Amino acid sequence: MEFDPSKYSTTSFDSMGPALKLIHLIKKQIIDINQPLRIVDLGCGPGNSSCLLAESFPQSTIIGLDVVPEMIEHAKKNFSKKNDRFKFFVQDLGLPFDKWNTELRELLQTKQVDLIFSNYALQWIFNPSILGDSLRKILKPKTGVLVANILFSDILSVVDQNDQYECKLLEKYLHYPSEKQFISEWIFGLKNDAHLNDIWLHYWQPKCIYPEKYYRESYVKIPLKWHEHFIDNSVSEDLRKEISKILTKLILKKRITRIIPRKMNGLNHHHNDDVDVNQVKNGDANDDDDDDEMNDIEIEQQLWTVVARSSNDNFV
Ligand SMILES: C[S@@+](CC[C@H](N)C(=O)[O-])C[C@H]1O[C@@H](n2cnc3c(N)ncnc32)[C@H](O)[C@@H]1O
């Protein structure tokens, strides 16, 4: 996966709004914020979500986990080296719990985790059942809570059905889960493997503003990587490139709304909080002849927020 921690930490404004909403929900409905909570941040990235947690829950300790070593290095440098309320570990959450880092396992295994938090990361875990089993082993029985924002991008809904070539290629080589399969796998993972009950789900579509040039050239690689994971392993390198090209086009088509710049005295103005309400749903987001690269765009995301609590049984 190509996550550049320094870039990510300064441009993750798409994820920070939903992270704050999740924290707001926890504070309002779930947990007394003044308790000395033990919080695990799954897929913590460069520590930006962990930092929000520490600020919001002043008595808490935060354990951030991420598979990318550079992300964890960044998080350590910026947070845990300055404040002992943070601990960060490189950890692939897709591995079974007995393969997790030994020190981390010892730290967590006592089942004393009050809150498992995850923002924009669980969609990268391709086996919810394996992670579910790990959650069961670390979350406090009876009172432990998991809260997560999980992304799903239904880009296939914008495939042009008249384009036989595109349709055939995707149908044959892209084993992309439907939203129904994807979300139900997560719910089953939480219910049957993590043994969580009282599961609450909320679907919404947060929006954020990005500079178009930046999103197209760099950030679009992140959702693309996720979609590429579902391309059949047997395809040749050339075909893979072809499918990736189609996927990029679909991601841009599905997610982007171009914001018409306001014209004043012949100049374009792009103030994010002063956006013209006239927007064009992007049928032409992929036009290559578009040279107005500094335009802002609005990105719409498809997000599932899930809250699930430990059951009363103390499963081992
Ligand atoms: C979009 S970032 C989210 C970062 C942060 N939580 C935030 O709110 O901005 C997704 C993170 O999930 C991590 N990730 C992906 N697959 C993972 C895995 N198998 N195990 C642990 N972390 C993973 C990535 O390295 C990345 O840092």
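A crossing of two helices is called left-handed if the near helix is turned anticlockwise from the far one by less than a right angle, and right-handed if clockwise. Helices (H or I, at least four residues) and strands (E, at least two) are DSSP runs, numbered from the N terminus. By that convention, the crossing of helix 2 and helix 3 comes out right-handed.

The model looked at here is predicted, so local features need pLDDT of at least 70, side-chain atom pairs count only at pLDDT 80 or more, and totals for chains, interfaces and linings use all residues. Residue numbers start from 1 along each chain as its sequence is written. The average pLDDT (the predictor's confidence in each residue, from 0 to 100) is 86 for the chain, and 84% of the residues score at least 70. Residues 262-293 are another story, as pLDDT stays under 50 there. Where pLDDT is low, the predicted coordinates should not be read in detail.

Helix 2 and helix 3 have axes 10 Å apart and pack at an angle of about 30 degrees; axes are lines fitted to C-alpha atoms, for helices over the stretch in contact, and angles run from 0 to 180 degrees between N-to-C directions. The two helices are therefore roughly parallel, given that angles under 35 degrees count as roughly parallel, over 145 as roughly antiparallel, 65 to 115 as roughly perpendicular and the rest as oblique. On the helix 2 side, M16, A19, L20, I23 and K27 meet N48, S49, L52, L53 and S56 of helix 3, a contact being two C-beta atoms, placed from the backbone, within 7 Å. This contact has six nonpolar, three polar and one charged residues, where Ala, Val, Leu, Ile, Met, Phe, Trp, Tyr, Cys and Pro count as nonpolar, Asp, Glu, Lys and Arg as charged, and the others, Gly among them, as polar.

Helix 2 (13-30) and helix 3 (48-56) turn up again around the ligand. A shell of 23 residues surrounds the ligand, with G43, G45, V67, N119 and W124 the closest; a residue is near if its C-beta atom, placed from the backbone, lies within 6 Å. Helix 2, helix 3 and strand 2 (61-66) are the elements that give two or more residues to this shell. By class, the shell holds 13 nonpolar, eight polar and two charged residues.

Further along, helix 10 (residues 221-228) and helix 11 (residues 237-255) cross at roughly 125 degrees, their axes coming within 10 Å. That makes helix 10 oblique to helix 11. Helix 10 contributes P223, L224, H227 and E228 to the contact, and helix 11 contributes S244, L247, T248 and I251.
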